[in-house]
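Hello,

Here is the structure I promised to pass on to you. Please have a look at it first, and then read my notes below.

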Amino acid sequence: PAGAEGDAVGAGMLRCAAVLPCPALESVRAMAFDPHTRYVALAGTDPQGRQQLRVLDISRVVTAGGNAVTVARQTSAGWDIDCLKFSPWEEQQLVTCGRENIRFWRLKDGHLPGCSLSLGSRVRCTHYTCIAFECTKAGRPYDAAKYELSKETGRHHMFVGNCRGQLLQIGYKDRTVQVVLDLHAEAITSVCATDGFVVNASI
């Protein structure tokens with residue numbers, strides 16, 4: 001019967017757990033969960049047109065239906081964010097990219113200090129569009145529980161695409177651009193990575 005089929009479909013549907021109000025943001029351009037689903041990061045613009053990065057603690061929303069709490073924010077007109085990801089190797093660390101920048105951020109004591117990746121001549125008129133971290137075939141990051149920023153750590157790579165159709169391989173530990181691959185004539189719009197392959201999409 002049609003009713004029974006509708007019930008079966010309905011049982012597997014998503015339901016809204018909470019609505020997170022963001023009155024300080026006029027628009028949201030990117031968002032991401034941390035690996036433990038304790039935080040969600042939002043990037044967007046405020047009513048003054050400034051770029052804003054906010055991190056909300058959603059642990060009470062997930063476990064008890066409580067409210068999300070803003071734990072840190074950063075506002076600036078000097079950088080741009082189109083994509084953001086939490087690091088799978090270090091807690092409370094984020095990576096963002098956008099117009100002429102790739103930045104690393106750290107959530108600490110209610111603040112979000114950040115630093116830019118040195119891109120040299122690759123900065124000018126280049127829009128960075130997407131980010132992926134190297135993971136195993138099961139979708140888990142390499143040695144996430146044992147990760148240490150040491151000289152022996154050599155297999156922690158991240159990949160960033162840009163509007164020129166280039167894919168950058170970046171060493172996460174030393175934060176350097178290791179390889180630049182010219183892959184497409186148009187912008188790379190998405191990228192994902194495993195231990196054996198990196199797949200990207202273009203317009």
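**The second largest pocket**

Both β1 (27-33) and α2 (59-64) contribute at least two residues to the lining of the second largest pocket. Helices (H or I, at least four residues) and strands (E, at least two) are DSSP runs here, numbered from the N terminus. Before going on, please note that this is a predicted model, in which local features need pLDDT of at least 70 and side-chain atom pairs count only at pLDDT 80 or more, while totals for chains, interfaces and linings use all residues. Residues are numbered from 1 along each chain as its sequence is written, and side-chain values use heavy atoms, with hydrogens and water left out.

The volume of this pocket is about 250 Å³. A pocket is an open set of points on a 1 Å grid over the protein atoms alone where a 1.4 Å probe fits, with protein on both sides within 12 Å along at least five of seven lines; lining residues have an atom within 4 Å of a point. Its lining includes R15, M31, F33, I58 and G65, and it divides into 9 nonpolar, 2 polar and 1 charged.

**Salt bridges**

How many salt bridges does a search of the whole structure find? The search finds 5, each being a side-chain nitrogen of Lys or Arg within 4 Å of a carboxyl oxygen of Asp or Glu.

One of them joins D80 and R29, with the closest N and O atoms 2.9 Å apart. D80 sits in the loop between β4 (69-76) and β5 (83-86) and R29 in strand β1, so this pair ties together parts that are 51 residues apart in sequence. D80 is buried at 5% relative accessibility, whereas R29 is partly exposed at 35%. (Buried means under 20% relative accessible area, exposed over 50%, and partly exposed in between, with a 1.4 Å probe and protein chains only.)

D57 and R38 meet in another salt bridge, at 3.6 Å from N to O. Because D57 lies in strand β3 (residues 51-57) and R38 in the loop between β1 and β2 (39-45), the pair ties together parts 19 residues apart in sequence. D57 is buried, at 14%, and R38 is partly exposed, at 40%.

D46 and R50 also form a salt bridge, with their closest N and O atoms 2.8 Å apart. Here D46 is buried at 2% relative accessibility, while R50 is partly exposed at 36%. Finally, salt bridges that share partners link R29, D80, D82 and R99 into one network.

Best wishes

Technical notes
Points joined across faces, edges and corners; volume = space filled by probe spheres on them. Nonpolar A, V, L, I, M, F, W, Y, C, P; charged D, E, K, R; others polar.
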